[in-house]
Amino acid sequence: MGNGFVSCSFLLVLLITLAHGNVLRLPSMDAGESDSGMMMGMGMGVEEEGKDPDYKAYFFMKDVQVGKTIPVNFPHLKESDPARNLPRKTPTSLPLSLKALPSLLRFFSIPPASPQALAMEKTLTDCQIERPGEHRACITSVDSLIDFVGGIFGPDVPFEILRTSVATKTSPVLQNYTVVEVKEKTSTKSLPCHNLPYPYAVFYCHILVDTTNRMFKVTLRGENGAVVEAVLVCHMDTSKWNPNFFAFRQLGVERGTTEACHFAPAYDMVVVLVPN
């Protein structure tokens, strides 16, 4: 998409001490069945089966070990993209509200029913729709992220923000990557944040209740020499996922029988606690 809607990301590791900030609060849900594990895999880079039969979006943990080779498509990442980074403060006082969509479209000079307008509508809907089993918020600034994470992890708790980066410039290409290094980043709590299409940076951050996800930072080297620092997410319990979800077809398993691992979408970030 144009008009600042395409968002890219890079590996960012920050140690942050929590402070106060403002956040658009969304309702806290009771624990229950949720497809949010699947949501994390359905962003950029983890989509339904593509045209290339060799392309795999989901893996077993044993597939992503040092020395193994796997086919992956990592997009070219542009540091200059305005939707890639959160500003310190929310860039506007405009409401992040579906009811305000008509006035928001006028403010940003976006034609109604255009692809950009439809993307904004979908983002605002995602920020307000209720999903059981989640504590969530739509984040528009560093301050709002700090405030939300503080409410989840507790005050004055350091955390890391993990994102995918291409360390060397390359064009988007599906190619074989060799695993060079794997470092586990699993913590007692993790908070995936999904970048949503909007005129400025908006991230849908959520924590799932009673999940057993494991996180890894993986270094890979492509056939063309491109080096990638990627975030690998392994969903250890898929028993509540849709049984027809394409991950199970790719892995050749039934839901709940094994883990399902994927690289975090290139435009997203994952917040994890820093061990003491």
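Which cysteine forms a disulfide with cysteine 234? Cysteine 261 does, with the two sulfur atoms 2.1 Å apart; a disulfide here is a pair of cysteine sulfur atoms within 2.5 Å. This is a predicted model, in which local features need pLDDT of at least 70 and side-chain atom pairs count only at pLDDT 80 or more, while totals for chains, interfaces and linings use all residues. Residues are numbered from 1 along each chain as its sequence is written, and side-chain values use heavy atoms, with hydrogens and water left out.

**Overall architecture**

- The chain has five helices and twelve strands, taken as DSSP runs (helices H or I, at least four residues; strands E, at least two) numbered from the N terminus.
- Of the 276 residues, 52% count as buried, where buried means under 20% relative accessible area, exposed over 50% and partly exposed in between (1.4 Å probe, protein chains only).
- Residues 24 or more positions apart supply 79% of the contacts with a separation of 6 or more; a contact means heavy atoms within 4.5 Å.

- Because cysteine 193 lies in strand 7 and cysteine 205 in strand 8, the pair ties together parts twelve residues apart in sequence, and both cysteines are buried.
- The disulfide of cysteine 234 and cysteine 261 is right-handed, with a torsion of about 110°.
- Cysteine 234 lies in strand 10 (residues 227–235) and cysteine 261 in strand 11 (residues 260–263), so this pair ties together parts 27 residues apart in sequence.

**Nonpolar cores**

- A nonpolar core is a set of buried Ala, Val, Leu, Ile, Met, Phe, Trp, Tyr and Cys residues joined through side-chain atoms within 4.5 Å.
- The largest core has 19 residues, of which Leu145, Leu191 and Val271 touch the most other members.
- Helix 4 gives this core its largest share, five residues.
- Among the residues that leucine 191 touches, not counting those up to four places away in sequence, are Phe148, Cys205 and Val271.
- A second, separate core of 17 residues includes Ile70, Val72, Leu220 and Leu232.
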